[in-house]
Amino acid sequence: MASHYKSFFGSEEPHFLESCSLCRKHIGLNSDIFMYRGDKAFCSKECREEQIESDEAKERSWRLSSRSLRKKSSEAAKDSAAGKTVRTGTLVVA
């Protein structure tokens, strides 16, 4: 099927509004489109909510790992300041 956006954009590639960003289901010309973050189209509220929940879980995970790295860095700085020898880096054993 030819893209119904081809006449607007002059391109053979499918337009991002033609299929759901999550389930890849085709979104018809007169169908509702549920948008997220301005550039992601979804076929339903459920697909959009699933993507939002997934993104929020990734952000929480990133924040936790970032916080953990800052804590380790802070502890190493305290140990170094207390006169303890702290070596950081990567050890490769062959």
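Tutor: A residue counts as buried under 20% relative accessible area, as exposed over 50%, and as partly exposed in between, with a 1.4 Å probe and protein chains only. This is a predicted model, in which local features need pLDDT of at least 70 and side-chain atom pairs count only at pLDDT 80 or more, while totals for chains, interfaces and linings use all residues. Residues are numbered from 1 along each chain as its sequence is written, and side-chain values use heavy atoms, leaving out hydrogens and water.

Student: Is R24 buried or exposed?

Tutor: R24 sits in the loop between α1 (6-9) and β1 (34-36), where helices (H or I, at least four residues) and strands (E, at least two) are DSSP runs numbered from the N terminus. Its phi is near 65 degrees, a positive value in a residue other than glycine. Because its relative accessibility is 59%, R24 counts as exposed.

Student: How many disulfides does a search of the whole structure find?

Tutor: A disulfide is a pair of cysteine sulfur atoms within 2.5 Å. The sulfur of C43 has its closest cysteine sulfur in C23, at 3.7 Å, so the two are too far apart for a bond. C47 is in no disulfide either, since the nearest cysteine sulfur, that of C43, is 3.8 Å away. For the whole structure, the number of disulfides found is 0.
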